[in-house]
Each structure stands twice: as C-alpha cells, then as structure tokens.
Amino acid sequence: MIYLSYFLGNIVIMRARLRGWPKISAPFSLHRWGPVVNVLALLYGGAMLVNFAWPRVASNPEPSQTGGLLSFGIGFVDKIPILWLVVLVITIIGVIYYLAVGRRKQFAPVIAPAGDDEPLVTGAAQPEA
C-alpha cells in the first residue's frame, strides 16, 4: 500500500511540474532534471505496484493459501488475494466515512503567499535574484 501512496504523490507532483511548479527558486532545485526524475519515479512506482498486485503466492497470496493463518472462513473472501482484499476494505471504509462525515466537512480557505511575503523561517538564506 505504501507504493500506491508513493505513486499517487508522484502523479500530483508531475501534474504540478507540468503547470509550472515551482514558480519561486529555492536553495535546492532539480531544474530541468525534475521532470526526468519524476518520470523515473512514476515508472518505478508503477512497476512495483504491478509487481505486488500480480496474483502469485509469493507476493500476493489468497487467504486460503496461507495455511489458514489469514483465513476468514468465508468462501468467496478466501479466494480474493490479500492485497486486493485490503484495498477493497480500505475503499469501503473511505466511502462510508465520506458519506457519513466528509461531504459536510468545512475546510478553511487556502491562501497562497504573495511573492513579497516574509519568509516563514527567520535567518534562512535568501535566494539571490
């Protein structure tokens, strides 16, 4: 599941890069190598997702293939590979939470800092113009 988070985070970063992020120079930057590193990260993350999701006993066994260790005793559930079962359960919990609480939740507005705002960290090295 950590690779799914890694992959989704890299998709968002790549989308931001394609829209011109970062707009302000920083002490460290990948410059033109940023998109290249991002594409490599997406390829790696995607390959690992396929690797772990591939239905085989070594990396994604069915509960019935674990010698009863993870068996739920429910016929059709014991035929679903563990990774997919975890994704399904987390998705169901997320949908229930969203329907019960998430739709009505209020969030504070996001206000982007202006270019001439004071730095958040005092004493930090300022990039040269």
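Analyst: Helices here are DSSP runs of at least four residues, numbered from the N terminus. Keep in mind that this is a predicted model.

Start with the whole chain. There are three helices and zero strands. From the N terminus on, the order is α-α-α. Of the 129 residues, 13% count as buried.

Now the pocket. The second largest pocket has a volume of about 220 Å³. Which helices line the pocket? Helix H1 (2–18), helix H2 (33–53) and helix H3 (82–100) each supply at least two residues of the lining. H2 gives the most, with four residues.

Here is the lining by name. It includes Met 1, Tyr 3 and Leu 4. Leu 49, Val 50, Phe 52 and Ala 53 also belong to it. Leu 83, Trp 84 and Val 87 complete the list. What kinds of residue are these? The lining divides into ten nonpolar, no polar and no charged.

Asn 10 sits in helix H1. Is Asn 10 buried or exposed? Its relative accessibility is 10%, so Asn 10 counts as buried; the cut-off for buried is under 20%. The side chain of Asn 10 makes a polar contact with the side chain of Asn 38, at 3.1 Å. Beyond its neighbours within four places in sequence, Asn 10 is in contact with Asn 38, Ala 41 and Leu 42.

Last, the contacts of the chain as a whole. Among those between residues at least 6 apart in sequence, 43% join residues at least 24 apart.

Notes: Residues numbered from 1 in each chain as written. Predicted model: local features only at pLDDT ≥ 70, side-chain atom pairs only at ≥ 80, totals over all residues. Heavy atoms only, no water. 1 Å grid on protein atoms, 1.4 Å probe; cavity = no way out; pocket = protein on both sides within 12 Å on 5 of 7 lines; lining within 4 Å. Points joined across faces, edges and corners; volume = space filled by probe spheres on them. Nonpolar A, V, L, I, M, F, W, Y, C, P; charged D, E, K, R; others polar. Buried < 20%, exposed > 50% of the residue type's maximum accessible area, 1.4 Å probe, protein only. Polar contact = N/O pair within 3.5 Å; in protein donor to acceptor, adjacent residues only side chain to side chain. Contact = heavy atoms within 4.5 Å.
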